[in-house]
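Here is a short report on a single chain. It covers contacts, surface and aromatic rings.

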Amino acid sequence: ISRNTVRKYLRLSEAAIHGQQSDPSRTKKLDDYRSYLVYLLGEFPKLSAVKVARKLQAKFGSIPASDRSLRRYIQQLRQEVAVAQVRYFEPIIDDVPGVQCQVDPGELRGVRVGDQDLICSNVGR
């Protein structure tokens with residue numbers, strides 16, 4: 001804990017400390033940029049905090065918070081706002097089971113399909 005923080009809390013009364021810590025309406029420096037950050041995370045869900053900071057600096061100039069504060073704020077936003085798209089999976093059934101297979105191209109030595117040997121151009125690379 002920083003000495004300055006300890007001094008600050010020693011100078012405050014117990015009621016003032018309790019009031020500061022229990023106040024849920026506490027504003028943050030980055031709250032002014034919240035709508036833009038939500039927009040960025042909605043459009044680009046996998047955007048890293050570093051790239052978000054660059055876009056924020058390009059649009060608004062200097063950022064009033066440190067890099068770590070921005071990372072924490074973005075992490076909190078990702079939890080509050082559903083930014084990722086819902087993935088939808090379904091089985092692909094083109095043929096009857098047993099007709100298709102998955103093969104590693106590096107392991108195609110001696111594989112026969114029907115009456116023919118399967119030749120791969122990148123075997124041995």
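Among contacts in the chain between residues at least 6 apart in sequence, those joining residues at least 24 apart make up 49%. The model behind this value is predicted. Of the 125 residues, 16% count as buried. The accessible surface of the chain is about 11000 Å². Carbon and sulfur atoms hold 50% of that surface.

The chain has five helices and two strands. Along the sequence the pattern reads α-α-α-α-α-β-β.

**Aromatic rings**

Which residues do ring pairs link into a cluster? They are Tyr33, Tyr36, Tyr39 and Phe60. The count of aromatic pairs comes to three. Among them is the pair of Tyr33 and Phe60, which is edge-to-face. Its ring centres lie 5.0 Å apart, with 65° between the planes. Tyr33 sits in the loop between α2 (14-22) and α3 (34-43), while Phe60 belongs to helix α4 (residues 49-60). The pair therefore ties together parts that are 27 residues apart in sequence.

Phe60 also pairs with Tyr36. Here the centres are 5.6 Å apart and the planes stand at 85°, so this pair is edge-to-face. Tyr36 lies in helix α3 and Phe60 in helix α4, so the pair ties together parts 24 residues apart in sequence.

Are the tyrosines Tyr33 and Tyr36 buried or exposed? Tyr33 counts as buried because its relative accessibility is 16%, under the 20% cut-off. Tyr36 is buried as well, at 16%. Phe60 has a relative accessible area of 39%, so this residue is partly exposed.

| Residue | Relative accessible area | Class |
|---|---|---|
| Tyr33 | 16% | buried |
| Tyr36 | 16% | buried |
| Phe60 | 39% | partly exposed |
| Leu10 | 69% | exposed |

**A charge over a ring**

Phe44 has a charged neighbour: Lys55 lies over the face of its ring. The distance from the ring centre is 5.6 Å.

**A nonpolar patch**

Which residues make the nonpolar surface patch? Ile1, Val6 and Leu10 do, and the patch covers about 390 Å². Leu10 is part of helix α1, which spans residues 3-11. Why does Leu10 count as exposed? Its relative accessible area is 69%, and exposed means over 50%.

Methods. Residues numbered from 1 in each chain as written. Predicted model: local features only at pLDDT ≥ 70, side-chain atom pairs only at ≥ 80, totals over all residues. Heavy atoms only, no water. Patch = residues over 30% accessible without salt bridge, like charges linked within 9 Å, V, L, I, M, F, W, Y side chains within 5 Å. Areas by Shrake-Rupley, 256 points an atom, 1.4 Å probe, with all protein chains shown as cover. Salt bridge = Lys/Arg side-chain N within 4 Å of Asp/Glu carboxyl O. Helix = DSSP H or I, 4+ residues; strand = E, 2+ residues; numbered from the N terminus. Buried < 20%, exposed > 50% of the residue type's maximum accessible area, 1.4 Å probe, protein only. Contact = heavy atoms within 4.5 Å. Phe/Tyr/Trp six-rings, centres within 6.5 Å; stacked < 30°, edge-to-face > 60°. Lys NZ or Arg CZ within 6 Å of the ring centre and 35° of its normal.
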